[in-house]
Amino acid sequence: FRFDRALARRPADSAVDGLRAVDRGAPDMVRFRAEHAAYLAALEAAGVAVEVLPPLDGFPDSVFMEDPALTFPEGAILLRPGAPSRLGEAAEVAAELRARFERVLAMEAGFAEGGDVLVTPRAVMIGLSARTDARGAGALAALLAELGRKAEIVTPPPGVLHFKTACSLLDSETVLATGQLAGFFPGLRVVLVPEGEEAAANALRVNDVVMVGAAFPRTAEALDRLGYRVVPLDVAETGKLDAGLSCMSLRW
Ligand code: CIR
């Protein structure tokens, strides 16, 4: 969770057509852009140098940079998003990563999205989902091994979009998770999000702060009591596209 750099992409006007499991209306683009800008400012305030790429109108979900690639200080991996409308996002980010990393590996089989990948000190956890299949998870595990990272493939219960929709890393020993993932993290301390605030589990630890959705005061209070420095961020419009705080940047 220590990061020096991040890469983000401005929301395209086409984000109103972004994928969502339940249609609660299109995001209001003025507010969505404001949420995105506040998020980038919070990353900068946390000590991260953020580079922002121009919007890609042909890819409504391309603001969610986390899904088509993985980044580590030692190299990057181009993924194969399982949503057909998002598969082409990997090619769009390829040159950007090659300009910033000496090693850029690329998946060639199956499907995997970055939202299904939780980096913990013990292993890089890959959750199977409607977007990440067993073949893709296996291919990704092999690429992670090339970067010297151990992978662990897990099968979360169905119903959440991505593994990290329901969990996030709080520090090297602690994970924030919904009750349904309580048993998934042997060797780590698990802080459960309060009932009714399940969406708060997509928090984002960056350097000394934990960014949490502003609509989740009980989660913020619980984390504050545990000694974390909480930065609440409005993600109301972002949430209409089933996305949260981890989704909007690649970090390394
Ligand atoms: C999608 O369905 O792909 C986007 N609307 C949301 C992606 C959220 N990304 C993430 O959780 N990593």
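Me: What makes a space count as a pocket, and how is its volume defined?

Reply: A pocket is an open set of grid points with protein on both sides within 12 Å along at least five of seven lines, and a volume is the space filled by probe spheres set on the points. In this predicted model, the second largest pocket has a volume of about 640 Å³. Its lining consists of 31 residues, and those closest to its centre are Phe1, Phe3, Thr71, Val119 and Arg251.

Me: Which elements give two or more residues to the lining of the second largest pocket, and which gives the most?

Reply: The elements are strands S3 (69-72), S6 (117-119), S9 (167-171), S12 (204-206) and S15 (250-251). S3 gives the most, with four residues. By class, the lining of the second largest pocket divides into 15 nonpolar, eight polar and eight charged residues.

Me: What volume does the largest pocket have, and what lines it?

Reply: The largest pocket holds about 810 Å³ of space. It is lined by 40 residues, of which Thr165, Ala199, Gly239, Asp242 and Ala243 are the closest to its centre. This lining has 18 nonpolar, eleven polar and eleven charged residues.

Me: Where does the ligand sit?

Reply: The ligand takes up the space of the largest pocket. A molecule is said to sit in a pocket if more than half of its atoms lie within 2 Å of the pocket's grid points. The ligand is surrounded by 14 residues, the closest being Leu19, Asp61, Arg86, Leu241 and Cys247. This shell divides into six nonpolar, two polar and six charged residues.

Me: Why is a space called a cavity and not a pocket?

Reply: It is called a cavity because a 1.4 Å probe fits there but cannot get out, whereas a pocket is open. The structure holds one cavity of 30 Å³ or more. The largest cavity has a volume of about 40 Å³. Its lining is formed by Arg9, Leu56, Ser62, Met65, Pro68, Glu89, Glu92 and Val93. Helix H2 (residues 89-98) supplies the largest share, three residues. The lining of this cavity comprises four nonpolar, one polar and three charged residues.

Methods. Residues are numbered from 1 along each chain as its sequence is written. This is a predicted model: local features need pLDDT of at least 70, side-chain atom pairs count only at pLDDT 80 or more; totals for chains, interfaces and linings use all residues. Side-chain values use heavy atoms; hydrogens and water are left out. On a 1 Å grid over the protein atoms alone, a cavity is a set of points where a 1.4 Å probe fits but cannot get out, and a pocket is an open set with protein on both sides within 12 Å along at least five of seven lines; lining residues have an atom within 4 Å of a point. Ala, Val, Leu, Ile, Met, Phe, Trp, Tyr, Cys and Pro count as nonpolar, Asp, Glu, Lys and Arg as charged, and the others, Gly among them, as polar. A residue is near a molecule or strand if one of its heavy atoms lies within 4 Å of it.
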